[in-house]
Each structure stands twice: as C-alpha cells, then as structure tokens.
Amino acid sequence: MKVAIDSGRCQGHGRCYDLAPALFGEDDEGYGTVLDDGTVPPGREGAARLAALNCPERAIDVTGEA
C-alpha cells in the first residue's frame, strides 16, 4: 500500500500528519507531505486510511489496497 498527496487539492488543514505522523509530515507552509516514498509499513494501513478519510479536500490517495 502507498499514500500520496495531491498538492493541488491540499489546503493545509494538517489532519494527515496529526492522525498519521509516521506517514505524513508538513512543509514550511503547513501543507501535508508524504514521508519517504509513501510506502505504508505493515501495521500502519489503518492510519493511512484514517488520514485519507479525514482529509476535507480528499487530497490523499491510497493505492495498492488488497
């Protein structure tokens, strides 16, 4: 599973990095960023889904679902 953020949709609410700090960070302006290459480690799938579901702009894409 991988996560990605569409920077064109992200408005910087910060829910992604609040809910899943192991997967997301913030840039200098407070917009969400994906840490590393976006690969979700085993056991963090729920956090990835939670962050995606709580993004008001639906800017988080989760791919590779089983």
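Visitor: Where does aspartate 36 lie?
Guide: Quick ground rules for this predicted model: local features need pLDDT of at least 70, side-chain atom pairs count only at pLDDT 80 or more, and totals for chains, interfaces and linings use all residues. Numbering runs from 1 along each chain as its sequence is written, and side-chain values use heavy atoms, leaving out hydrogens and water. Helices (H or I, at least four residues) and strands (E, at least two) are DSSP runs, numbered from the N terminus. On that basis, aspartate 36 sits in the loop between strand E3 (32-34) and H2.

Visitor: Is aspartate 36 buried or exposed?
Guide: Buried means under 20% relative accessible area, exposed over 50%, and partly exposed in between (1.4 Å probe, protein chains only). Aspartate 36 comes out at 79% relative accessibility, so it counts as exposed.

Visitor: Which phi does arginine 58 have?
Guide: Arginine 58 belongs to the loop between H2 and E4, and its 47% relative accessibility makes it partly exposed. It isn't a glycine, yet its phi is positive, at about 55 degrees.

Visitor: How many salt bridges does the structure hold?
Guide: Side chains of opposite charge can pair when their charged atoms come close. The cut-off used is a side-chain nitrogen of Lys or Arg within 4 Å of a carboxyl oxygen of Asp or Glu. Counted that way, the salt bridges in the structure number two.

Visitor: In the salt bridge of arginine 9 and aspartate 6, what is the N to O distance?
Guide: Arginine 9 is partly exposed at 29% relative accessibility, and aspartate 6 is partly exposed too, at 30%. Their side chains meet with an N to O distance of 3.1 Å.

Visitor: What is the distance between the closest N and O atoms of arginine 9 and aspartate 61?
Guide: Aspartate 61 has a relative accessible area of 34%, so it's partly exposed. Its salt bridge with arginine 9 has the closest N and O atoms 3.4 Å apart.

Visitor: How many residues apart are arginine 9 and aspartate 61?
Guide: This pair links distant parts of the chain. Arginine 9 is in the loop between strand E1 (2-5) and H1, while aspartate 61 is in strand E4 (residues 60-63). The separation is 52 residues.

Visitor: Which element gives the most to the largest nonpolar core?
Guide: A nonpolar core is a set of buried Ala, Val, Leu, Ile, Met, Phe, Trp, Tyr and Cys residues joined through side-chain atoms within 4.5 Å. The largest one has 15 residues, and those with the most contacts inside it include Phe24 and Ile60. E1, H1 and helix H2 (45-54) each supply at least two residues of this core. With three residues, the top contributor is H2.

Visitor: How far apart are the C-alpha atoms of threonine 33 and arginine 9?
Guide: Threonine 33 lies in strand E3 and is partly exposed, with a relative accessible area of 26%. Along the chain, threonine 33 and arginine 9 are 24 residues apart, and their C-alpha atoms are separated by 12 Å.
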